[in-house]
Amino acid sequence: YTVRQNTIDWSSHSGMYLKDGGHHLIENNVVSHSLALLNDGGAIAISSDGNTIRGNFLLESIGNVDESNGCASLNTTPCNHHPSYGMGIGADNNFKDNVIEGNTVANNPDIGIRLNAYINTTVRNNVLYNNDPQLFLEDTHGPSSNNVVDGNIFYSLTPDQVAVSLTNTTNHGSLDSNSYCNPYSDVAFI
């Protein structure tokens, strides 16, 4: 599917959910205030291979803040609830060959772009601003490799917002020619 030049504001869950056969083109859209009722997802949620997400504004995903998001553990009393997962681009695990370029991802209470166990994915020429963290590359659900992160601007507004968070020991790929800005801290990576 091609989804181009739309405005999606105040959606109950993710503004767009890329699934099934993949190979979707998501271009020049504005998605804001997603996740008004449900907790975990993003302005765009990826659950397929080969998508191109280009030239979009992905802003202010909310993430549910009440108790409907379930308990983080059944072994604690009272129930310890999950935090809000309001992301710009949220992603299910183990996908490949996605391209995320030329987007503005800003003011999300959680991750700007989350890629978990992704392979051959390109994150290029995006502006990520006031997310926590700006980009999260993780491999908690499988290997992560051959990803390219280049030409992005990562701008943090608080000392604890990092530009890039990497997990485990996987060689996630290459990070080149990015700008890391945090006027409150010298820490860019964790």
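Predicted model: local features only at pLDDT ≥ 70, side-chain atom pairs only at ≥ 80, totals over all residues.
Let me start with strand β12 (residues 99-101) and strand β15 (residues 122-124), which pair in the parallel sense over three bridges; strands here are DSSP E runs of at least two residues, numbered from the N terminus, and two strands pair if DSSP finds at least two bridges between them. Within this pair, V99 stands opposite T122 in β15.

Residues are numbered from 1 along each chain as its sequence is written, and side-chain values use heavy atoms, with hydrogens and water left out.

The β12 and β15 strands belong to an open sheet of seven strands, ordered β1-β4-β7-β12-β15-β18-β21 with parallel pairing. At its edges are β1 (2-4) and β21 (173-176), each of which pairs on one side only. From one strand to the next, the twist averages 5°, where axes are lines fitted to C-alpha atoms and angles run from 0 to 180 degrees between N-to-C directions.

A further open sheet, also of seven strands and with parallel pairing, runs in the order β2-β5-β8-β13-β16-β19-β22. Its edge strands are β2 (7-9) and β22, each pairing on one side only, and here the twist averages 5° from one strand to the next. Inside this sheet, β16 (residues 127-129) and β19 (residues 153-155) are joined in the parallel sense by three bridges, and L128 stands opposite F154 in β19.

That brings me to N182, which lies in the segment after β22 (179-181). Is N182 buried or exposed? N182 counts as buried because its relative accessible area is 14%, given that buried means under 20%, exposed over 50% and partly exposed in between, with a 1.4 Å probe and protein chains only. Its side chain reaches the backbone oxygen of Q161 at 3.0 Å, and a polar atom of that N182 side chain lies 2.9 Å from the backbone nitrogen of Y184. Leaving aside residues up to four places away in sequence, N182 touches S156, T158, P159 and Q161, with contact taken as heavy atoms within 4.5 Å.

Finally, the largest pocket. Its lining includes H13, D40 and R114, a pocket being an open set of points on a 1 Å grid over the protein atoms alone, where a 1.4 Å probe fits, with protein on both sides within 12 Å along at least five of seven lines, and lining residues having an atom within 4 Å of a point.

Methods: Helix = DSSP H or I, 4+ residues; strand = E, 2+ residues; numbered from the N terminus. Polar contact = N/O pair within 3.5 Å; in protein donor to acceptor, adjacent residues only side chain to side chain.
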